[in-house]
Amino acid sequence: MRPRRPLAAAGLLLSAGLSLTACSSGEPAASAGAKPLSDPAKVSAAQLVYPLDPYKTSNEQIRSLEKAQDLLTADCMKRFGFTYKPPVRPLPRPQGTSSRYGVTDAATAARYGYLKPGVGPGPGKGAEDSLSPSEQLALSGPPLKAKPGGGMALPPLTLEESRKTDSGRTLNGQKVPVGGCGREGHLRLYAEKKDPVDLLYVFGMESEAFSRAKEAPKVAKALKAWSACMAEQGYRVTDPISPQKALGLTSEADFGTAPAIAAAKQDVACKKRTDLVSLWYAAETGFQSELMDEHAETLKQVKVELDERIRKAASVNGN
């Protein structure tokens with residue numbers, strides 16, 4: 001049986017600037033003498049290519065999956081006599097705004113400072129904000145019960161398990177799924193069969209490689225050099241990904257101010273001067289390759305399940 005969360009980083013997302021405690025402080029063997037997949041000096045950080053990219057979804061595929069999940073949830077709600085309108089989902093971030101290594105583009109830094117341009121609005125108000133008690137029950141299901149030994153019971157992890165689990169509630173003559181129609185819509189698309197690979201498996205591998213790369217000797221040396229470069233202009237910072245707090249930028253309203261723009265421009269200049277992004281990228285791709293070798297069998301299953309999911313979403317969407 002494949003482990004659901006084989007890597008400690010499974011719950012961490014790189015877009016949030018989170019990483020693991022490094023498991024290795026050496027250089028990745030896979031990167032020794034290997035040519036990077038793309039050149040950070042010639043493309044933006046958002047356009048860099050990584051070994052794990054084929055196991056991830058594109059923006060277009062994400063939109064297709066989201067649409068399909070919403071339709072499956074609405075289909076479930078129809079069983080209870082309700083018309084469900086899902087909330088508006090945020091737009092994907094356009095190319096050129098990656099924050100994987102913090103600010104890296106001089107033009108973007110000069111215009112926006114530490115703001116993240118092009119990010120769509122958060123989820124808008126949908127029917128969920130004004131549902132009747134019965135509609136809310138159908139959408140979310142009854143509250144999970146406490147386990148006899150303490151703590152809350154976990155919802156079913158697969159559609160198969162969900163159909164065998166009784167929520168203890170009925171509505172309009174129909175049994176309410178555990179977790180409601182929202183949970184059912186998710187499981188019908190992502191976990192219909194027994195023992196699927198954890199959806200955060202690849203994110204976990206990315207985070208693992210990202211963290212190992214940060215602690216690799218060449219990258220660690222470049223990080224110190226970047227910090228020293230920033231100090232030359234009076235900026236006392238050690239975190240190249242999220243230095244805002246150390247810079248005295250306490251809220252997002254500060255991130256696009258003149259002082260923020262000046263700091264961001266220096267940030268980018270120091271990263272280029274120390275070759276930080278290129279070194280970090282080379283180390284990260286090497287560690288990703290190492291992890292891919294270690295988890296090759298599970299990654300095969302990840303690809304199979306991803307392809308099946310995308311095909312299913314296209315079918316649900318009528319494509």
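Predicted model: local features only at pLDDT ≥ 70, side-chain atom pairs only at ≥ 80, totals over all residues.
Me: Why is the pair of Tyr50 and Tyr281 called edge-to-face?
Reply: Two values settle it. A pair of aromatic rings is described by the distance of the centres and the angle of the planes. Rings of Phe, Tyr and Trp (its six-membered ring) pair if their centres lie within 6.5 Å; planes under 30 degrees apart are stacked, over 60 edge-to-face, and the rest tilted. Here the centres are 5.1 Å apart and the planes are at 80 degrees, so Tyr50 and Tyr281 make an edge-to-face pair.

Me: What parts of the chain does that pair link?
Reply: Distant ones: Tyr50 is in the segment before helix 1 and Tyr281 in helix 9, 231 residues apart. Helices here are DSSP runs of H or I with at least four residues, strands are E runs of at least two, and both are numbered from the N terminus. The protein chain has 10 helices and 2 strands.

Me: What sits over the ring of Tyr50?
Reply: The charged end of Arg100, 4.0 Å from the ring centre. To count, NZ of Lys or CZ of Arg must be within 6 Å of the ring centre and within 35 degrees of the ring normal.

Me: Why is Leu52 called buried?
Reply: Leu52 has a relative accessible area of 0%, so it falls on the buried side of the cut-off. Like Tyr50, Leu52 lies in the segment before helix 1.

Me: What does Leu52 touch?
Reply: Skipping residues up to four places away in sequence, Leu52 touches Val202, Met205, Glu206, Gln288, Met292 and Leu299. A contact means heavy atoms within 4.5 Å. Also, the C-alpha atoms of Leu52 and Leu291 are 9.6 Å apart, though 239 residues separate them along the chain.

Me: What makes a group of residues a nonpolar core?
Reply: They must be buried Ala, Val, Leu, Ile, Met, Phe, Trp, Tyr or Cys residues, joined through side-chain atoms within 4.5 Å. The largest such core has 41 residues, and those with the most contacts inside it include Tyr101, Met205 and Trp280. Helix 9 (276-294) gives the largest share, 8 residues. A second, separate core has 13 residues, among them Phe80 and Leu137.

Me: Which residues form one aromatic cluster?
Reply: Tyr101, Phe210 and Trp280. Beyond its neighbours within four places in sequence, Trp280 is in contact with residues including Tyr101, Phe210 and Pro240.

Me: And Thr158, why does that one count as buried?
Reply: Its relative accessible area is 5%, so Thr158 counts as buried. Thr158 is found in the loop between helix 3 and helix 4. A polar atom of its side chain lies 3.1 Å from the backbone nitrogen of Glu161.

Note on methods. Residues numbered from 1 in each chain as written. Heavy atoms only, no water. Buried < 20%, exposed > 50% of the residue type's maximum accessible area, 1.4 Å probe, protein only. Polar contact = N/O pair within 3.5 Å; in protein donor to acceptor, adjacent residues only side chain to side chain.
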